[in-house]
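Colleague: Could you walk me through this model? I'd like to start with how you use your terms and then go on to the fold.

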Amino acid sequence: MQFRHFRDKMSTHIDLEGVTMERLSFNDIMNADFKLYENNPVIKNPPESFVVADPSVLTPETSHDGKWHLFCHTFFGVYRYESSDGISFRKCNKIVNRAMRPNINRINGRYYLFYERTRPVILNALSLIGVKWKSEIYCTESDDLLTWSEPYLAIGKTRPYEQDEHGQAISNPFLIKVGDKYRMYYSCGQTFIKDCGFCEPRHISFAESDKISSGYVARTLPIISPDKNKEYLNLCSGCLKVYKLSDCYIGLQNGLFQKDGKSHSAIMLLRSDDGESFEFVKPFLVPQKCGKNNWMAQYVYACCLTHYEGKLRLYFNARNISDNLRGRESIGIYEAQIGE
């Protein structure tokens with residue numbers, strides 16, 4: 001509670017995750033020769049959880065201590081990992097329970113961790129047998145990544161498309177600054193994926209505010225929705241991460257699609273002039289068999305793109321198979337050296 005009075009403080013200097021992308025152009029991204037890190041995955045699911053997922057990363061340039069910090073979730077909440085090189089990570093502390101899909105930001109020297117807050121674990125489990133889901137976007141703050149404020153609601157349900165027959169889902173927050181506004185991209189709604197046995201996000205939208213952590217007003221309609229006529233978007237929309245370059249915006253979106261009777265997820269590269277209307281450019285990272293357990297054979301999910309010391313590094317989580325009991329999710333790296 002002692003941190004709450006800092007919450008809406010504003011200044012002329014804004015330091016947001018991904019801000020260093022503005023030194024790059026669209027051609028820089030298109031011409032970058034990305035390769036999978038040879039020792040993937042860099043973070044494997046822990047024994048107590050089938051998944052470790054949805055990485056959000058601070059580079060040494062955007063952290064207070066000059067280290068890499070990676071936030072992700074397991075079945076039991078959101079955790080922080082730490083690294084000196086951005087590859088070998090050490091698990092540090094648990095930040096919050098009832099939490100998924102984190103997005104870490106450093107703004108004016110203060111950390112803002114947005115995440116999807118779910119109901120207690122037992123109610124989440126019951127969603128598999130028909131109990132309706134409910135989640136919203138919450139935020140917690142810190143100066144040192146160790147002591148965190150009491151979580152508070154940042155974005156709740158305000159639009160009809162955020163709720164459907166499966167319940168209310170507002171998830172996958174991702175914050176950028178557009179002019180004088182804070183823009184929060186997020187996923188909402190749910191589509192049941194039959195071969196997985198669980199739901200994935202149906203739509204993608206965004207909300208804007210003059211303040212960092214409150215007052216967000218959502219668009220009347222989503223900006224991305226599933227389309228049965230699109231090869232990589234015929235099931236649902238997944239999530240979207242948006243980065244402002246010197247000459248445009250890019251989006252990295254993991255759409256879910258059906259192919260050969262199975263569901264899949266892949267990361268697509270999108271382009272936009274205004275960060276609102278996006279055009280498909282190309283598949284960016286697709287499922288493939290690699291490693292001893294084919295850890296990314298069927299799904300490539302949420303990601304976080306970093307740019308540091310001439311290297312682009314995409315952190316992402318992937319899943320080997322759809323089966324609820326045998327499926328495992330881990331975190332890997334896809335990277336490219338790039339000149340400036």
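Modeller: Let me begin with burial: a residue is called buried under 20% relative accessible area, exposed over 50%, and partly exposed in between, with a 1.4 Å probe and protein chains only. Strands (E, at least two residues) and helices (H or I, at least four) are DSSP runs, numbered from the N terminus. This is a predicted model, in which local features need pLDDT of at least 70 and side-chain atom pairs count only at pLDDT 80 or more, while totals for chains, interfaces and linings use all residues. Residues are numbered from 1 along each chain as its sequence is written, and side-chain values use heavy atoms, with hydrogens and water left out.

Colleague: OK, how many helices and strands does the protein chain have?

Modeller: The protein chain has two helices and 22 strands. Its radius of gyration, taken over C-alpha atoms, is 18 Å, close to the 20 Å that the globule rule gives for 340 residues, so the chain is as compact as a globular protein of that length; the rule is 2.2 Å times the number of residues to the power 0.38. The C-alpha trace spans about 50 × 45 × 40 Å along its principal axes.

Colleague: And what share of the residues is buried?

Modeller: Buried residues make up 59% of the 340. Of the contacts (heavy atoms within 4.5 Å) with a separation of 6 or more, 54% come from residues 24 or more positions apart.

Colleague: Let's turn to β14, then: is that strand mostly covered or uncovered?

Modeller: β14 is mostly covered, since ten of its twelve residues are buried by the cut-off of under 20%. The strand covers residues 198–209 and belongs to an open, antiparallel sheet of four strands in the order β12-β13-β14-β15, where two strands pair if DSSP finds at least two bridges between them.

Colleague: Which strands stand at the edges of that sheet?

Modeller: Those are β12 (170–178) and β15 (217–218), and each has a single partner strand, so one side of each is left without a neighbour in the sheet.

Colleague: Switching to charges, which residue does Arg202 meet in a salt bridge?

Modeller: Its partner is Asp164, at 3.8 Å from N to O, where a salt bridge is a side-chain nitrogen of Lys or Arg within 4 Å of a carboxyl oxygen of Asp or Glu. Arg202 lies in β14 and Asp164 in β10 (residues 163–164), so the pair ties together parts that are 38 residues apart in sequence. Both residues are buried.

Colleague: What about Arg219 and Glu276, where do they lie?

Modeller: The side chains of Arg219 and Glu276 meet in a salt bridge of 3.5 Å, N to O. Arg219 is in the loop between β15 and β16 (240–244), and Glu276 is in the loop between β18 (262–272) and β19 (279–285), so this pair ties together parts 57 residues apart in sequence. Arg219 is partly exposed at 28% relative accessibility, and Glu276 is partly exposed at 31%.

Colleague: How many salt bridges does a search of the whole structure find?

Modeller: The search finds 19. Among them is the one between Glu329 and Arg319, at 3.0 Å from N to O; Glu329 lies in β22 (residues 329–337) and Arg319 in β21 (residues 311–319), so the pair ties together parts that are ten residues apart in sequence. Glu329 is buried with a relative accessible area of 9%, as is Arg319 with 3%. Salt bridges that share partners also join Lys67, Arg80, Glu82 and Arg90 into one network.
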